[in-house]
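User: Could you walk me through this model? I'd like the cut-offs spelled out as we go.

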Amino acid sequence: MRAVRAFILGISGITAAIAIAALSPVQVISTSSASQTQAAVDAEGNLRVPPDYRTTYEALGSWAIAADEGRGSKELHFVLASPGSIEAYRKDGRFPDGTVLVKEVFETATKDMTTGTVSHAEKLKGWFVMVKDSAGRYPGNALWGEGWGWSWFDAADPTKTTSTDYRLNCKSCHVPARATDWIYVDGYPALKR
């Protein structure tokens, strides 16, 4: 009887060890995602530009905004996503809760080069930061709604948003992307499966 009990306890211990090992990567990803979100949001829901996004985030894609007159682009937008967001999006076509998107907006300089007319990033204008919020965590904060936190930051101060209400300052630019959770996913090759 003792041998049977020891065998059963041994199997239970192995099963528990396997279960813990199987959950560990999920917990690590969850902890990593939570720390990335915390780098962009404080306890009251105030957003900020994450300090390490250029070295730790994944490139989603870029946009060239055509010049109003003449050749070239007037702005370049580079968009990055918190680690793991691209892989998660490829699985089910949605950004997971806590995803942080950072768009750098640059003024450009345009000149003729051997490859043709080229516009390149010259002066940083600012950042647009979005944080996925499936749970509606900050209902009293005017920068949160439609499943996201939204904020613009001028280049002079990445810690202070100039946005006051996402409905007035941010949402109108994203209306054409409403069907894709307010994100222009067609411009991001990294999201293609």
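Analyst: Before the sheet, a word on terms: two strands pair if DSSP finds at least two bridges between them, and helices (H or I, at least four residues) and strands (E, at least two) are DSSP runs, numbered from the N terminus. This is a predicted model, in which local features need pLDDT of at least 70 and side-chain atom pairs count only at pLDDT 80 or more, while totals for chains, interfaces and linings use all residues. Residues are numbered from 1 along each chain as its sequence is written, and side-chain values use heavy atoms, with hydrogens and water left out.

User: How many bridges join strand 2 to strand 3?

Analyst: There are 7 bridges between strand 2 and strand 3 (residues 100-113), and the two run antiparallel. In this part of the sheet, Ala 81 stands opposite Leu 101 of strand 3.

User: And what about strand 3 and strand 4?

Analyst: Those two strands, the latter covering residues 116-132, also run antiparallel and are joined by 14 bridges, with a hairpin of 2 residues leading from strand 3 to strand 4. Val 105 has Gly 126 in strand 4 as its bridge partner.

User: In what order do the strands form the sheet?

Analyst: The 6 strands form an open sheet in the order 1-2-3-4-6-5, with antiparallel pairing. Strand 1 and strand 5 (144-145) stand at the edges with a single partner strand each, so one side of each has no neighbour in the sheet. Strand 4 and strand 6 pair in the antiparallel sense over 7 bridges, and Met 130 stands opposite Trp 150 in strand 6.

User: Which elements does the protein run through from the N terminus on?

Analyst: The protein has 5 helices and 6 strands, and from the N terminus on they run α-α-β-β-α-β-β-β-β-α-α.

User: Let's switch to helix 3. Which of its residues are buried?

Analyst: In helix 3 (residues 85-92), Ser 85, Ile 86 and Tyr 89 are buried, where buried means under 20% relative accessible area, exposed over 50%, and partly exposed in between (1.4 Å probe, protein chains only). The face turned away from the buried side of helix 3 carries the exposed residues Glu 87 and Lys 91.

User: What covers the buried residues of helix 3?

Analyst: The cover includes strand 1 (58-66) and strand 2 (73-81), with contact meaning heavy atoms within 4.5 Å. After helix 3 comes Gly 93, whose phi is positive, near 75°.

User: Back to strand 3: is Glu 104 buried or exposed?

Analyst: Glu 104, which is found in strand 3, counts as buried because its relative accessibility is 6%.

User: Which side chains make a polar contact with the side chain of Glu 104?

Analyst: The side chain of Glu 104 makes one with the side chain of Tyr 53 at 2.5 Å and another with the side chain of Arg 54, at 2.5 Å. A polar contact is a pair of N or O atoms within 3.5 Å; within protein, one must be able to donate a hydrogen and the other to accept it, and residues adjacent in sequence count only if both atoms are side-chain atoms. Not counting residues up to four places away in sequence, Glu 104 touches several others, including Leu 76, Phe 78 and Trp 127.

User: Where is Tyr 57?

Analyst: Tyr 57 lies in the loop between helix 2 (53-56) and strand 1, and at 7% relative accessibility Tyr 57 counts as buried. Leaving aside neighbours within four places in sequence, its contacts include Gln 36, Pro 50, Leu 80 and Val 102. The C-alpha atoms of Tyr 57 and Gly 84 are separated by 8.8 Å, although the two are 27 residues apart along the chain.

User: Last topic, the largest nonpolar core: which residues touch the most other members?

Analyst: Of its 19 residues, Leu 60, Phe 95, Leu 101, Trp 148, Trp 150, Ile 183 and Leu 191 do. The elements giving two or more residues to this core are strand 2, helix 3, strand 4 and strand 6 (148-154). A second, separate core of 16 residues includes Tyr 53, Tyr 57, Leu 80 and Tyr 138. A nonpolar core here is a set of buried Ala, Val, Leu, Ile, Met, Phe, Trp, Tyr and Cys residues joined through side-chain atoms within 4.5 Å.
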